[in-house]
Amino acid sequence: MLISTMKQKHLLLLGFLLAYCFSSVFVINAEDPYLFFTWTVTYGTRSPLGVPQQVILINGQFPGPPIEGVTNNNIVVNVINKLDEPFLITWNGIKQRKMSWQDGVLGTNCPIQPKSSWTYHFQLKDQIGTYAYFASTSMHRASGAFGALNVNQRSVIFVPYPKPDADFTLLVSDWYKMGHKELQRRLDSSRALPPPDGLLINGASKGLVFTGQHGKIYRFRISNVGISTSINFRIQGHMMTLVEVEGSHTLQEVYESLDIHVGQSVTVLVTLKAPVKDYFIVASTRFTKPILTTTGILSYQGSKIRPSHPLPIGPTYHIHWSMKQARTIRLNLTANAARPNPQGSFHYGTIPINRTFVLANGRAMINGKLRYTVNRVSYVNPATPLKLADWFNIPGVFNFKTIMNIPTPGPSILGTSVFDVALHEYVEFVFQNNEGSIQSWHLDGTSAYVVGYGSGTWNMAKRRGYNLVDAVSRHTFQVYPMSWTSILVSLDNKGMWNLRSQIWSRRYLGQELYVRVWNNEKSLYTESEPPVNVLFCGKAKHPRLI
């Protein structure tokens with residue numbers, strides 16, 4: 001059955017690509033290059049913290065294989081699911097222009113069933129930077145199924161920093177000795193997750209070596225692919241120059257250490273100009289007790305001296321320190337983006353706000369079960385993906401009255417939360433955190449300007465303190481304990497987009513919603529048709545719906 005299904009999928013993909021080729025025969029400029037991948041997802045045994053445990057492998061690898069792309073590359077990934085559960089991968093930070101069909105979350109895609117496959121086809125349209133991918137279904141992300149997705153600039157695009165001599169990619173993650181099924185059972189029985197057991201860098205808890213030459217410049221691409229824990233990153237004896245955050249070139253501030261919150265990615269340059277020896281690379285947890293630490297090694301070529309203790313000291317619980325650092329991360333207004341126009345040409349601070357959404361995270365017992373909420377609503381995935389229901393006008397799947405734009409008093413409820421926003425509306429999202437733990441939020445399909453952080457409760461007067469000049473544009477936003485974070489975003493990408501907690505246990509138990517960006521024009525200029533291999537499920541089962 002699997003072989004037959006795979007043959008059908010490959011034939012479908014071949015026809016799809018041939019249609020593309022024939023459609024471009026009379027076009028002078030050929031399509032942007034294609035990169036093809038076939039990924040088989042399986043269980044395997046590894047010992048990330050010294051104890052054998054089941055993990056999720058992609059092509060036998062943990063972490064999964066990296067994607068090294070160039071701006072505007074077309075990415076084709078055939079995912080073969082050999083797990084015993086439905087599975088999806090989402091491409092964290094890739095905007096999927098006009099193609100929420102490829103986003104890889106349950107609001108846009110039917111899951112890939114066991115013993116079957118599905119092929120993603122998306123473009124790295126007008127993006128440069130450090131990103132990641134990971135499983136979006138259930139708690140799979142806690143067992144692996146994540147990897148790097150790096151997008152380099154085209155040769156005609158100038159980047160505002162020296163060309164590095166080489167790249168190092170570091171995927172930092174918190175890790176549990178419990179597998180994803182055990183973690184899921186714990187959450188289903190209304191028990192919150194305990195602190196993680198350790199930290200990993202590229203799937204290893206210690207001993208990973210990155211070797212460079214004295215005098216050379218190295219680009220470190222660092223992503224926090226964990227499920228719950230902010231980290232602080234530093235390199236013994238070396239300063240780091242921040243050059244890019246989630247697709248935005250930044251002012252090149254120099255840091256001894258950097259906070260990187262769950263789901264976030266940064267790029268730093270490090271010049272190897274210290275004495276020739278080995279140095280510790282350190283990641284440690286923030287806002288946790290106890291503090292967890294993991295190390296790698298930066299080794300100078302020719303070194304015969306092992307790294308020495310003590311480890312460089314990093315911040316621990318200092319919230320004000322982290323918030324102050326976050327305000328120093330600003331957009332480089334004179335740098336090119338993925339296209340040859342300055343990033344500062346979009347004057348976000350002068351655009352009138354069309355709508356404001358204030359989103360308060362919460363924790364509640366609903367029907368005797370632990371749930372996490374946004375504005376009192378704990379999200380429940382319907383059997384039919386929202387995107388299919390919206391496109392084919394299938395009633396009874398969702399409505400726009402489930403969730404309010406602002407927090408309101410009353411009991412918490414289960415529901416399928418969707419905001420309805422017009423294409424090109426300029427929107428303010430305020431994330432209000434009235435809990436004692438740090439939160440991390442992600443918006444698919446776009447990037448947003450992080451204009452303000454503050455303690456206490458947000459109100460309209462807080463706008464006076466917004467950075468309306470050079471706020472960084474990114475896709476994942478931390479919200480400090482008992483604090484708020486405000487973002488401004490032009491919703492110019494038509495589709496159904498996931499707005500979720502990156503704290504995965506909270507997302508699993510309902511802390512997410514969708515933003516439907518829409519107009520009534522059916523045009524390929526604003527949104528692509530469903531892909532030829534679209535999967536159907538729930539109420540959208542019959543091909544006659546196409």
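Welcome! This structure has one disulfide, a term used here for a pair of cysteine sulfur atoms within 2.5 Å. The model is predicted, so local features need pLDDT of at least 70 and side-chain atom pairs count only at pLDDT 80 or more, while totals for chains, interfaces and linings use all residues. Residues are numbered from 1 along each chain as its sequence is written, and side-chain values use heavy atoms, with hydrogens and water left out.

**The disulfide**

- Cys110 and Cys537 are the joined residues, with an S to S distance of 2.1 Å.
- The torsion about their S-S bond is about -90°, so the disulfide of Cys110 and Cys537 is left-handed.
- This pair links distant parts of the chain, 427 residues apart: Cys110 is in the loop between strand 5 (89-92) and strand 6 (116-123), and Cys537 is in the segment after strand 33 (512-518). Strands are DSSP runs of E with at least two residues, helices are runs of H or I with at least four, and both are numbered from the N terminus.
- Cys110 and Cys537 are both buried (under 20% relative accessible area, with a 1.4 Å probe and protein chains only).

**Aromatic rings**

- There are 28 aromatic pairs, where rings of Phe, Tyr and Trp (its six-membered ring) have centres within 6.5 Å; planes under 30 degrees apart count as stacked, over 60 as edge-to-face and the rest as tilted.
- Trp91 and Tyr120 form an edge-to-face pair, 5.1 Å centre to centre with 85° between the planes.
- Trp91 belongs to strand 5 and Tyr120 to strand 6, 29 residues apart.
- Tyr120 also forms an edge-to-face pair with Trp118, at 4.9 Å and 80°.
- Trp118 counts as buried because its relative accessibility is 2%, and Tyr120 does so at 0%.
- Ring pairs build a cluster from Phe37, Trp39, Trp91, Trp118, Tyr120, Phe122 and Tyr133.

**Charges over rings**

- Lys387 lies over the face of Trp101, 5.3 Å from the ring centre. For this, NZ of Lys or CZ of Arg must be within 6 Å of the ring centre and within 35 degrees of the ring normal.
- Lys522 has its charged end over the ring of Trp391, at 3.5 Å from the centre.

Definitions and conventions. Buried < 20%, exposed > 50% of the residue type's maximum accessible area, 1.4 Å probe, protein only.
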